Amino acid sequence: MEQYNKLNNIKDDTMSLKTVNFYYFSGTGNTFLVAKKMEATFSRNGVKVNLYRIEDSKPDDINLEHAIGLGFPIAEFSTYDFVWNFVKSLPEAKGTNVFMVATFGGISGGVVGSMSEILKNKGYTPIGAEEIVMPPNIFYVQDEKTCSVKIEKGIKKAEEYAMDLMSGKSRWDSASVFSDMAYYISTACLKLTEMSINQKLIHLKTDIEKCTKCGICIKLCPVGNICVKNEYPEHGFECRYCLRCTSFCPAKAISCPINYKGKTYRAVKARELVK
Ligand SMILES: Cc1cc2nc3c(=O)[nH]c(=O)nc-3n(C[C@H](O)[C@H](O)[C@H](O)COP(=O)(O)O)c2cc1C
Ligand code: SF4
Ligand code: SF4
């Protein structure tokens, strides 16, 4: 009966959510899986979805007549600067609906309130924000079984969230003193990472003994931080630590110095994230 009512609600309310342009970034595949599940749920209920990678998208090209979805991972209680820059560069709107979904390992705080304020000030209507627990891809990568249970739960939550967005049940809270504080703390953490990379403390590098020169890491890097030098990939100092290169290198030639025992995580195949 509950399901029946849910579906009835959806029918009445999809009027306001006919088409969604969904912009996402995913380092190691978790956010990609969530975005794909939401896309499938929307489509099943008659809502058209266009999925776009944030790293390939220009905010100026955005169609403000359709609802906008934003998907990204939590990084250092916040998210990557290129995701913030994308959101901050969105054009001024007159009430365009927008929702966000973030995936994370379990501790967040610096995004939901602050992003809602930015979007409201630009004239958008924030209709929903959800943070979905998925396997952590950093520090301590869990065993396969634990990861697949978490993925299953996360995907289910993504489906429920899409249903809530369609039925008008979802919410996106405004910034509070706590979220403002969390935003400033996370901005400081991101700065610290940048400094650590610059100081070569956590710099990623290629082991040329293992590298097969396949070039996948270069294609995957969202910020063009890897170039070829003396035939082998070399990391620059613009790294944002999304972990794509180290996670998807088929030869395991890029070690991850901050992960426990260097173990890497990926939720999908590299081809799903490559341009
Ligand atoms: C640099 C970095 C920082 C992270 N910081 C956090 C964090 O502050 N809190 C958290 O719960 N998870 C954190 N994570 C874990 C990711 O948010 C999580 O695994 C996410 O689902 C990865 O999504 P993706 O596969 O789409 O990149 C971090 C991951 C990375 C790579
Ligand atoms: S993905 Fe790995 S093997 Fe391929 S070029 Fe990069 S470092 Fe070398
Ligand atoms: S160098 Fe690797 S970890 Fe750094 S931004 Fe590029 S793909 Fe991500």
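Is Phe99 buried or exposed? In this predicted model, Phe99 has 0% relative accessibility and so counts as buried (buried means under 20% relative accessible area, exposed over 50%, partly exposed in between, with a 1.4 Å probe and protein chains only).

A word on conventions. The model is predicted, with local features needing pLDDT of at least 70 and side-chain atom pairs counting only at pLDDT 80 or more, while totals for chains, interfaces and linings use all residues; side-chain values rest on heavy atoms, with hydrogens and water left out. Residues are numbered from 1 along each chain as its sequence is written, and chains are lettered from A and ligands numbered from 1 in the order in which they are written.

Now to the rings. A pair of aromatic rings is described by the distance of the centres and the angle of the planes. The structure holds 10 aromatic pairs (rings of Phe, Tyr and Trp, the last by its six-membered ring, with centres within 6.5 Å; planes under 30 degrees apart are stacked, over 60 edge-to-face and the rest tilted). One of them joins Phe22 to Phe99, edge-to-face, at 5.4 Å centre to centre and 80° between the planes. This pair links distant parts of the chain, 77 residues apart: Phe22 belongs to strand E1 (residues 19-24) and Phe99 to strand E4 (residues 97-104). Helices (H or I, at least four residues) and strands (E, at least two) are DSSP runs, numbered from the N terminus. Phe22, at 0% relative accessibility, is buried too. Phe25 and Tyr80 make an edge-to-face pair, since their ring centres are 5.8 Å apart and their planes at 85°. Phe25 sits in the loop between E1 and helix H2 (30-44) and Tyr80 in the loop between strand E3 (67-73) and helix H3 (81-88), so this pair ties together parts 55 residues apart in sequence. Phe25 is buried at 0%, and Tyr80 is buried at 7%. Ring pairs also gather Phe22, Phe42, Phe99 and Tyr161 into a cluster.

On to the ligands. Ligand 3 is surrounded by 14 residues, the closest being Cys221, Cys239, Cys242, Leu243 and Cys245 (a residue is near a molecule if one of its heavy atoms lies within 4 Å of it). This shell splits into 10 nonpolar, 2 polar and 2 charged residues (Ala, Val, Leu, Ile, Met, Phe, Trp, Tyr, Cys and Pro are nonpolar, Asp, Glu, Lys and Arg charged, and the others, Gly among them, polar). The residues around ligand 2 include Cys211, Cys214, Cys217 and Cys249, and its shell divides into 8 nonpolar, 3 polar and 1 charged.
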